[in-house]
Amino acid sequence: MANHLPLAGLNIVVTRPREQAASLANGIEILGGVCIQFPLLEITPLPDDRPLRAVLARLPEFQLAIFISPNAVRYGMAAIRNAGGLPDSLHAATVGLSSAKALHDYGVEKVIAPQQRFDSEGLLALPELQQLNGKRVVIFRGDSGRELLGDTLKARGADVEYVTCYQRSKAQHDVTALLAANPDAVTVSSSEALHHLWEMLNATGKERLAAIPLFVSHERIAAAARKLGWQQIITASAGDEGMLSDLTAWAELRKSRPSQRHVPWKNGKKGKK
């Protein structure tokens, strides 16, 4: 490992589902870090996809399809392809950059997506989603999730249907192995995963892990982490590039203060904690 690389000598935990972790893990290793993969959620196909296929048989009836996550794109678009593809009249939307890129990879050229706030609120603020009276909207997601998006679209006059295209389950690991790896930072991309990690720890483990810098992908996860007692929380910029950039900025500041293992770096923007 080259000592001049920004993450050299640092053990970074990636808790994403294994299928989604490759890009971030590779980025960490390219920057000299050691990636500790500790997936907290498992993403699997539906045991019974008949309800999904029933909705896809009516797909031409909808004007807008929203994909909640990269997993929704992966499983939803695979099923859509098997059913004949996206109708030309159906517009596609999503809440984040990774999901938009995944749709582009599936050949969907025009994707409605926020450019600043990457969540349901950001999508709902776009002009394309303001006047939906009489429009039919299908939302592809996992087996649970927030209802804000659908409820708001219904209030704006849309006829909304949710369709489950994959399922999530809590991964089971030996958390003592994670602690034994001496992590320097932990990355988490969902509140569900964060709470699952916390449930795996005993009191001593919680105290130890809460002292390790936590990088999260959304302020909503940061708020949950603060309630759990995490001491240093960094809400990273959007996408893998944003996460890697903020990890690098934190590591550079850490190296400038060698006497402190965990420096009080605040979000790279000197504001949030």
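Is Trp250 buried or exposed, and at what relative accessibility? In this predicted model, Trp250 has a relative accessibility of 0% and counts as buried, because the cut-off for that class is under 20%.

**Aromatic pairs**

A pair of aromatic rings is described by the distance of the centres and the angle of the planes. The count of such pairs in the model comes to four, and two of them, both involving tryptophan, are set out in the table below.

| Pair | Centre to centre | Angle between planes | Class |
|---|---|---|---|
| Trp198 and Trp230 | 5.4 Å | 45 degrees | tilted |
| Phe215 and Trp250 | 5.6 Å | 75 degrees | edge-to-face |

Phe215 is buried, its relative accessible area being 0%.

**Arginines over rings**

Two arginines lie over the faces of aromatic rings: Arg136 is placed over the face of Phe62, at 4.9 Å from the ring centre, and Arg141 is placed over the face of Tyr162, at 3.8 Å from the ring centre.

**Gly76 and helix α3**

Gly76 is found in helix α3 (residues 70-82), where it is buried, with a relative accessible area of 0%. Leaving aside neighbours within four places in sequence, Gly76 is in contact with Asn71, Phe140 and Cys165. Gly205, by comparison, stands 129 residues from Gly76 in sequence and 38 Å from it in space, taken from C-alpha to C-alpha.

**The second largest pocket**

The second largest pocket holds about 270 Å³ of space. Its lining is made up of 16 residues, of which Leu86, Pro87, Leu90, Gly107 and Val108 are the closest to the centre of the pocket. Helix α3, the element that contains Gly76, is one of the elements that give two or more residues to this lining, the other being β5 (91-94). By residue class, the lining of the second largest pocket divides into eight nonpolar, four polar and four charged residues.

Definitions and conventions: Residues are numbered from 1 along each chain as its sequence is written. This is a predicted model: local features need pLDDT of at least 70, side-chain atom pairs count only at pLDDT 80 or more; totals for chains, interfaces and linings use all residues. Side-chain values use heavy atoms; hydrogens and water are left out. Helices (H or I, at least four residues) and strands (E, at least two) are DSSP runs, numbered from the N terminus. Buried means under 20% relative accessible area, exposed over 50%, partly exposed in between (1.4 Å probe, protein chains only). Contact means heavy atoms within 4.5 Å. On a 1 Å grid over the protein atoms alone, a cavity is a set of points where a 1.4 Å probe fits but cannot get out, and a pocket is an open set with protein on both sides within 12 Å along at least five of seven lines; lining residues have an atom within 4 Å of a point. Grid points are joined across faces, edges and corners, and a volume is the space filled by probe spheres set on the points. Ala, Val, Leu, Ile, Met, Phe, Trp, Tyr, Cys and Pro count as nonpolar, Asp, Glu, Lys and Arg as charged, and the others, Gly among them, as polar. Rings of Phe, Tyr and Trp (its six-membered ring) pair if their centres lie within 6.5 Å; planes under 30 degrees apart count as stacked, over 60 as edge-to-face and the rest as tilted. A charge sits over a ring if NZ of Lys or CZ of Arg is within 6 Å of the ring centre and within 35 degrees of the ring normal.
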